[in-house]
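Keep the structure open while you read.

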Amino acid sequence: MERLGLILLGPPGAGKGTQAKKLELEFGYKQISTGDLLRKAVQDGTQIGRVAEGYMKKGALVPDDIIIKLVKAAILQHERFILDGFPRNISQANMLEGLLSEIHARLQYVILLSVSDDEIVHRLLARRVCPVCGRVYNLLTSPPKNDNLCDDCGVPLVKREDDNEETIRNRLKVYREETAPLIDYYRKKKILKEVSASSSVDRVFAKIAEILGGNFQ
Ligand code: AP5
């Protein structure tokens, strides 16, 4: 079977993680989130985690050599995968291209989720995460059933350390300067599909599913 990948591209808070989890359930692609891999490394106190932590707190990009090692190990384990939060700059995209050709894998689509900066700040300030299972909530659009407790684990939800207004603004700046050039990079390769991600989670998912040939209206 040919190894196939999707990229979910978009600013912080666009809904990449939310959509990747739905795609995993409905289409069987494995989500590879560099942000989640890095947060796990920080939590476990590994050497990668110790290096990454300072960059993540500021909303800056973690050095490419660390990221590519994490991604390579993850991609090799799956026939169908979604890259969520990677690549983040042209140099990572070039490294990905080399890796995919080495393992005879191909990118099917790069799906760009677009949302306005104001909506992003609103969403991220209201995001809460379960520290046990990682389920993501939003106090405004997808709150837990019981006050600030995970529906599945019953433990208090937490706010990500980088979800404060100052760091969010810096993440948006880093996105514009370093990640947004990937839009043209993939447009030139004719695999870029743009989806407006300002509607509900289900409507955004239906648009992505349509691109992939499924019907979830
Ligand atoms: P990472 O974890 O990748 O963060 P990010 O790109 O900033 O993206 P987010 O996880 O914040 O947002 P998302 O788009 O997944 O949105 P979500 O679905 O949660 O990276 C964190 C840090 O790690 C980086 O700053 C960097 O330091 C480092 N890093 C990671 N990858 C790297 C790389 N490749 N190279 C170098 N450094 C790297 O949704 C957000 C909220 O909105 C949730 O509350 C959700 O419920 C809600 N929501 C989602 N969709 C909708 C909708 N349609 N309507 C209403 N609410 C919605």
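## Around the ligand

Start at Gly13: one of its backbone N or O atoms sits 2.9 Å from a ligand oxygen. Val62 also uses its backbone, with a polar atom there 3.0 Å from a ligand nitrogen. Arg123 brings in its side chain, placing a polar atom 3.3 Å from a nitrogen of the ligand. (For polar contacts, the cut-off is a pair of N or O atoms within 3.5 Å; within protein, one must be able to donate a hydrogen and the other to accept it, and residues adjacent in sequence count only if both atoms are side-chain atoms.) Taken alone, the ligand exposes 1000 Å², and the protein buries 96% of that (Shrake-Rupley areas, 1.4 Å probe; for residues, only the protein chains shown count as cover).

A word on ground rules: this is a predicted model, where local features need pLDDT of at least 70 and side-chain atom pairs count only at pLDDT 80 or more, while totals for chains, interfaces and linings use all residues. Residues are numbered from 1 along each chain as its sequence is written, and side-chain values use heavy atoms, leaving out hydrogens and water.

## Who makes up the shell

How many residues surround the ligand? There are 36, the closest being Thr18, Thr34, Ala60, Arg127 and Arg171 (a residue is near if one of its heavy atoms lies within 4 Å). By class, the shell has 15 nonpolar, 13 polar and eight charged residues; here Ala, Val, Leu, Ile, Met, Phe, Trp, Tyr, Cys and Pro count as nonpolar, Asp, Glu, Lys and Arg as charged, and the others, Gly among them, as polar.

Helix H2 gives the most, with four residues. Helix H1 (16-27), H2, helix H6 (117-125) and strand S6 (136-138) each supply at least two. (Helices are DSSP runs of H or I with at least four residues, strands are E runs of at least two, and both are numbered from the N terminus.)

Beyond four places in sequence, its contacts (heavy atoms within 4.5 Å) include Gly13, Val115 and Asn138.

Cys150 lies in the loop between S6 and helix H7 (165-179). With 2% relative accessibility, Cys150 is buried too. Leaving aside neighbours within four places, Cys150 touches Cys130, Cys133, Tyr137, Val155 and Leu157.

Conventions:
Buried < 20%, exposed > 50% of the residue type's maximum accessible area, 1.4 Å probe, protein only.
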